[in-house]
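Here is a short tour of a protein model, meant to be read with the viewer open. Please keep the sequence at hand as well.

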Amino acid sequence: MTQNPLCDRVMRISDQSLTIPLKELLNLMLIVREGDLREGNLMRQGKGWIHIPGMGHESLIAITHHLHREDYLFTYYRDRALMLGKGFTAQQLAWDYFACAKSSTGGRGMPVHCSAKHLNIFPPATPTASQCLPAVGAAWGIKHSEKTDVVICTIGDASVRQGEFYEAVCMAVQERLPVIFVVEDNAYGISTSTKHQLPFRLGIFNEEIFVRVDGRHPAEIFNHSGQAITKARQGNGPTILWVELDRLVSHTNSDDHRIYRPKEEIDAMLQRDPLSVLARHLINAGELTATEWQALQFKTAMTIDEIYQQAERENSPNPDQILVHLYGSKVDHQCVPFQPVERTTTMVAAINQTLREALQLYPQMIMFGQDIEDPKGGVFGFTKGLSSQFSQRVTNSPLAEATIVGVAAGLAATGYKPVFELQFIDFITPAFNQLVQQIATLRWRSQGDWSCPMVLYAPYGAYLPGGSTWHSQSNEGWWTHIPAEVLNVRN
């Protein structure tokens, strides 16, 4: 097949121009739409596994005009437009749709769950809002490194009621992190209307940190996202873009939105189709003729059809390779030097000495946990004196275990070495989502493209003779049943 520029587009570096490239955006939005339509048709032919449409969300591609290659995307499952805008190709989206052996996940992920470390596209996980805390961890790593990169984290409107979204926003505001949360409000969580559930309408958020955007117009997204990204690059903290748009079709191929959406509502939103709105604008402005628009649609449809036909002929994954990348490979590393002491000591003192020497040896090591700063130095004294010596690298966390573990995932994935403390292993359950759905699966579902090496330590029992139910659990049975790269338990 002759390679077509539509399927090998390389993301351009923004020139910070205030002139929005509307014709280019229309072309890219059309590529996204035609791929979406092709996947829906293939499902009806019995040639796919699942179709997760993004029709109506295409105008979000305008965000990527402001991004650099080093910027991070933490997306969810309706973001094929952002992925293509960041440099993922229509060909790669087709491979992911068919779960081909050469797809970005090796057939291990659902469609639109791509992995692209070379583009800093973090692989989405289906559990909603689970991308938010790792995104904040990546943004924290950027701030530590004093770079000007930014993180884009997208989330659906129904998912903003997940607690991890609030934890992520709080952490981002507290630390003034370079992250932009893009809430894609299409007014439905499958069949449930979210109009009376959104925190923005309920007055939960301070209006200073979110911006309401009409997502049916690429120019609106282009302008507001550009302002938010510039703000983040300048060190002025996060922004939430509340983007109102439409989900023009059903939730997935297993859903039928005609059951729960009035016909009048469906007809009205089809009139707001961002692709048609933009095409009409360009035609009325004399920048595009109706004939040119028809020709572009035909040419793009033919190109996309050829791409998916080729992808359909690709090999499926080899079942014998199912365990490859489940565990991390053995690596050579520099051990912390062991210096025995003459006097009698304690386990706490030994741990403290080990942590101190590790901080001296590894400049990328960061510690984060409840009460670990001086003068407390941890509830058992594990970190006594460390924050005084390493003030920027040993810091207190909020009382939020999901934040501790999720931030560690993002930091580790961006090159830092988190050694994070959970005050007691009994309190791990709020972080189970991050531990099981994100961390334990990351290497496997990205074919080793991404990993997040970290140390999480937590005591149980310890010196509490009356610890009772919530300070005395030993949970080894949980960890041994989680297939993961490496989960070592040391209580």
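This is a predicted model: local features need pLDDT of at least 70, side-chain atom pairs count only at pLDDT 80 or more; totals for chains, interfaces and linings use all residues.

Residues are numbered from 1 along each chain as its sequence is written, and side-chain values use heavy atoms, with hydrogens and water left out.

**Overall fold**

The protein holds 15 helices and 12 strands; these are DSSP runs numbered from the N terminus, with helices being H or I of at least four residues and strands E of at least two. Its C-alpha trace spans about 90 × 55 × 45 Å along the principal axes.

| Sheet | Strand order | Pairing |
|---|---|---|
| Six strands, open | β2-β1-β3-β4-β8-β7 | parallel |
| Four strands, open | β10-β9-β11-β12 | parallel |

In the six-stranded sheet, β2 (121-122) and β7 (210-214) are the edge strands; each has a single partner, so one side of each lacks a neighbour in the sheet. Further in, β3 (residues 151-156) and β4 (residues 179-185) pair over six bridges, with T154 opposite V182 in β4. Helix α7 (residues 218-233) packs on this sheet, touching β3, β4, β7 and β8 (239-244), and its direction makes about 160° with that of β7. Contact here means heavy atoms within 4.5 Å, while axes are lines fitted to C-alpha atoms, for helices over the stretch in contact, with angles from 0 to 180 degrees between N-to-C directions.

In the four-stranded sheet, the edges are β10 (394-396) and β12 (455-457), each with a single partner strand, so one side of each is left without a neighbour. Neighbouring strands are turned by 15° against each other on average, direction ignored. Strand β11 (residues 417-421) pairs with β12 over three bridges, and V419 stands opposite V455 in β12. Helix α13 (residues 401-413) lies across β9 (365-369), β11 and β12, running at about 170° to β11.

**A cavity beside α1**Which helix gives the most to the lining of the second largest cavity? It is α1, with four residues. This cavity (points on a 1 Å grid over the protein atoms alone where a 1.4 Å probe fits but cannot get out; lining residues have an atom within 4 Å of a point) has I31 and Y308 among its lining residues.

How values were computed. Two strands pair if DSSP finds at least two bridges between them. On a 1 Å grid over the protein atoms alone, a cavity is a set of points where a 1.4 Å probe fits but cannot get out, and a pocket is an open set with protein on both sides within 12 Å along at least five of seven lines; lining residues have an atom within 4 Å of a point.
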